[in-house]
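Opened the notebook to go through one structure, residue by residue. Here is what I looked up, in the order I got to it.

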Amino acid sequence: MALDKITPLAAPPGHSLTGPRGKWPWERPPQIVDPNQAVDFIIERAESMGEDESFAKMMLAGITVEEIVSQIAFKGFMAGMFTPDVAELIKPALSIYLVGLAEENGIEAKLFVTEPELEEKSFNDVAFFRTLKQRNPKLYGDMVEMINEEKRMRVDNLTRPAPAPAPAPEPSFLNPEE
């Protein structure tokens, strides 16, 4: 039976321990244990296979050095090349390599993922709605519709003629005039 890996709590905790040992590459001993050797291997492979041109194109397109380095480290771990600690240790060296590659190609490399909203001194309404639109589009749409509905109601109230004054009640014994 295949388990749905997308739905939260689909697989019970410890499910991965029920399969055969060594099923995944990261469950086996790593191929490289020295961070220096891992950096050398990645750089040599990138240059020999032409991946350095791909890295330059990515940086030219605006992908940050941080994102590229994180992907290289994660994929190396997933492939069983090195352990997670080696993956973390090689990130600074790979960053320096990529910055140098960008400089060689005349590219102004963007180093880190930054969000303008977080750089602002205060989280004002504009930053709030920009972030809301990106991170929670459904709520953003609902809020915009609610604001538009309020505007429509105000316009309707302004354009609607004022109600005519109610006629004075006829005198009767129930409402005697004083």
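**T64 and its contacts**

I started with T64, which touches K110, L111, F112 and V113, leaving aside residues up to four places away in sequence. I'm working with a predicted model here. I then checked where T64 sits: in the loop between α2 (51-60) and α3 (65-78). Buried or exposed, I wondered about T64? Its relative accessibility comes out at 2%, so T64 counts as buried, the cut-off for that being under 20%.

**Aromatic pairs**

Next I went looking for rings. How many aromatic pairs does the structure hold? I got three. The rings of W24 and W26 have centres 5.3 Å apart and planes at 5°, so I noted this pair as stacked, since planes under 30 degrees apart count that way. I looked up accessibility for both partners. W24 is at 37%, so it goes down as partly exposed. W26 is at 33%, so it is partly exposed too.

Then I took F129 and Y140. Their ring centres lie 6.5 Å apart with the planes at 65°, so I wrote this pair down as edge-to-face; over 60 degrees is what that label takes. The pair links distant parts of the chain, with F129 in helix α7 and Y140 in helix α8 (residues 137-159), eleven residues apart. F129 has 27% relative accessibility and therefore counts as partly exposed. Y140 has 22%, so I filed it as partly exposed.

Which residues form one aromatic cluster? I found W24, W26 and F77 in it.

**Helix α7**

F129 had taken me to α7, so I stayed on that helix. Which of its residues are buried? In α7 (residues 125-135) they are A127, T131 and L132. I looked down the axis of α7: the buried residues fall within an arc of 130°, so they line one face of the helix. I also checked the face turned away from that buried side, and it carries the exposed residues D125 and V126.

**D85**

Last entry. I located D85 in helix α4 (residues 84-89). At 48% relative accessibility, D85 counts as partly exposed, because exposed needs over 50%.

How values were computed. Residues are numbered from 1 along each chain as its sequence is written. This is a predicted model: local features need pLDDT of at least 70, side-chain atom pairs count only at pLDDT 80 or more; totals for chains, interfaces and linings use all residues. Side-chain values use heavy atoms; hydrogens and water are left out. Buried means under 20% relative accessible area, exposed over 50%, partly exposed in between (1.4 Å probe, protein chains only). Helices (H or I, at least four residues) and strands (E, at least two) are DSSP runs, numbered from the N terminus. The arc is that of the directions from the helix axis to the C-beta atoms. Rings of Phe, Tyr and Trp (its six-membered ring) pair if their centres lie within 6.5 Å; planes under 30 degrees apart count as stacked, over 60 as edge-to-face and the rest as tilted. Contact means heavy atoms within 4.5 Å.
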